[in-house]
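Me: Please take a close look at one part of this model, the packing of helices in the chain written first. Keep it brisk and connected.

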Amino acid sequence: MVQHRSEHIVSSYEEELTHLTRHIIEMGGMVEQAINEATSALVRVDHDLAQIVIQNDKDIDKKQRGLDEMAVSMIARRQPMASDLRRIVASIHVATDLERIGDMAKSIARRTLQISDQHISPQLYSGVRHMSDLVLTQVSAALQNVTALEVDEAIRICEKDEEVDALYMSLFREFLTYMMEDPRNITDCTHLLFCAKNLERAGDHATNIVEAAYYIQTGANLIDEIEIRKERR
Amino acid sequence: MDIVQDQTAAATVPGASTPAPAGEPAARVVTRDVSVFYGQKQALFDVSIDIPDRSVTSFIGPSGCGKSTFLRCINRMNDTIDGCRVSGIVELDGEDINRPDLDVVELRARVGMVFQKPNPFPKSIYQNVAYGPRIHGMTRNKAELDEIVVTSLKRAGLFEEVKDRLDQPGTGLSGGQQQRLCIARAIATRPEVLLMDEPCSALDPIATAIIEELIDELRENFTIVIVTHSMQQAARVSQKTAFFHLGKLIETGDTEQIFTNPRHEKTQDYITGRFG
């Protein structure tokens with residue numbers, strides 16, 4: 001594994017690579033905000049905020065297209081090699097994952113518009129909020145690894161995804177119970193269940209981002225590294 | 001030129017003379033601790049490398065890194081340079097090529113070379129290709145010689161373009177055609193190894209693409225070593241890549257690995273265009 005410590009001889013190339021990473025981080029910020037606001041809109045049944053989230057998703061999509069164009073242009077003009085090549089190709093993947101997380105937020109916002117009243121127990125909303133907070137921590141930690149990889153931290157993020165999955169399963173059971181208790185809850189609970197599923201998927205994308213960050217820095221596969229460590233234990 | 005033999009070198013280098021791993025082509029050229037001195041100045045330091053059979057190995061590195069000097073060790077072209085001294089072991093098919101009683105002319109028939117600038121002889125196209133087989137006495141009659149000339153020109157992808165003017169001077173061809181003529185001339189003696197020192201640097205992109213296509217075809221029958229300043233070219237044509245820096249072999253490996261995930265920081269800095 002070799003990480004570059006020095007700068008390119010061609011300074012404009014160096015600037016473009018820096019710009020690419022900055023673009024990812026900016027996009028990450030937009031996505032984090034989208035998930036946070038979508039969850040707030042859901043738990044408060046705030047239709048105005050939900051509309052804003054849906055509207056803002058267009059900006060995230062635009063940001064992703066911008067990054068794709070930037071990456072394709074760099075491949076064509078710079079013929080990147082080694083770590084630069086990995087950074088550019090993996091950035092395309094990261095941007096796709098972020099765009100998908102943005103879609104998850106939009107999906108939650110759309111469902112919020114379908115939820116009409118508040119006769120669901122606040123406890124169920126708090127479960128979704130808790131899951132959203134956990135996913136946000138995961139996305140944020142994943143993005144930090146794109147700028148500076150910490151292998152142990154990267155592995156921890158991947159392992160923590162199991163917690164997100166477990167939380168989803170426990171919410172699933174809770175919603176099911178609630179629906180059985182009172183069939184009038186079925187519609188709203190189904191919406192909430194889909195929202196939880198969206199958050200669970202967002203968590204999966206966060207682990208994809210960590211894997212891409214690991215690949216950028218090492219040229220290797222994080223899943224392989226995790227397997228090796230498991231065998232050692 | 002003095003040849004300093006250090007017969008113990010191979011024994012002290014880990015992996016020397018070990019067979020190639022399963023699935024890998026056997027090494028055709030093996031070098032151990034090869035150093036080159038121009039007078040007092042050491043240009044190359046202890047280069048040990050196995051060059052696999054029937055594949056393309058590229059040497060890359062900044063100007064003055066020793067890659068061409070090392071290439072010339074493989075067919076003793078450094079013999080022609082005054083004050084140049086080579087130490088270490090260079091083996092072709094297990095045979096030490098620096099042995100004092102070795103016939104250098106015969107060696108250079110077995111290890112052909114193509115240079116940066118196309119350098120056809122001021123003779124006809126036919127004579128350019130026929131020259132090697134003739135001086136090495138490879139043919140008994142004109143028919144056999146004709147056969148070698150035609151086959152070599154075909155293999156070099158030039159025959160169709162020149163078949164009606166084999167008696168015209170080779171120097172009248174375009175740059176790309178002249179370089180293919182030089183390749184035809186080099187392969188006419190049926191060498192085992194073909195050394196190419198920046199063979200495309202004087203050619204336009206189309207002529208370069210034709211030569212690269214040719215290199216890819218030739219590797220079925222020859223062991224090819226190419227020195228190139230174009231990393232894209234090394235990435236395109238070679239299966240193995242060796243990176244030289246300041247006279248030392250820094251890293252060698254599968255081309256794909258070198259260009260996607262080099263192990264050494266110097267390799268990384270060079271191929272990505274960073275300050276070393």
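Reply: Helices here are DSSP runs of H or I with at least four residues, and strands are DSSP runs of E with at least two, numbered from the N terminus. The model is predicted. By that definition chain A has seven helices and zero strands. Its pattern along the sequence reads α-α-α-α-α-α-α.

The C-alpha trace of chain A spans about 65 × 45 × 20 Å along its principal axes. Chain A has 233 residues, and 52% of them count as buried. Take the contacts in chain A with a separation of 6 or more: residues 24 or more positions apart account for 84% of them. The accessible surface of chain A is about 11000 Å². Carbon and sulfur atoms hold 51% of that surface.

Now the helix pair. Two packed helices are described by the angle between their axes and the distance between the axes. Helix H5 of chain A covers residues 151–181, and helix H7 of chain A covers residues 222–232. They pack at an angle of about 90°. Their axes lie 11 Å apart. Angles of 65 to 115 degrees count as roughly perpendicular, so H5(A) and H7(A) are roughly perpendicular to each other. On the H5(A) side, the contact is made by Val151(A), Asp152(A), Ala154(A), Ile155(A) and Cys158(A). H7(A) brings Leu222(A), Glu225(A), Ile226(A) and Arg229(A). By class, this contact has six nonpolar, no polar and three charged residues.

Leu222(A) leads on to the core. The largest nonpolar core has 72 residues. Leu222(A) is one of those that touch the most other members, along with Ile24(A), Leu42(A), Leu98(A), Ile101(A), Met131(A) and Phe175(A). Elements of chain A that give two or more residues to this core are H1 (11–43), H2 (47–78), H3 (82–114), H4 (122–147), H5, H6 (186–218) and H7. H6(A) gives the most, with 14 residues.

A second, separate core has 35 residues, including Ala130(B), Val149(B), Leu153(B) and Ile215(B).

Key:
Residues numbered from 1 in each chain as written. Chains lettered and ligands numbered in written order. Predicted model: local features only at pLDDT ≥ 70, side-chain atom pairs only at ≥ 80, totals over all residues. Heavy atoms only, no water. Axes fitted to C-alpha atoms, helices over the stretch in contact; angles between N-to-C directions. Parallel < 35°, antiparallel > 145°, perpendicular 65-115°, else oblique. Contact = heavy atoms within 4.5 Å. Nonpolar A, V, L, I, M, F, W, Y, C, P; charged D, E, K, R; others polar. Core = buried A, V, L, I, M, F, W, Y, C linked by side-chain atoms within 4.5 Å. Buried < 20%, exposed > 50% of the residue type's maximum accessible area, 1.4 Å probe, protein only. Areas by Shrake-Rupley, 256 points an atom, 1.4 Å probe, with all protein chains shown as cover.
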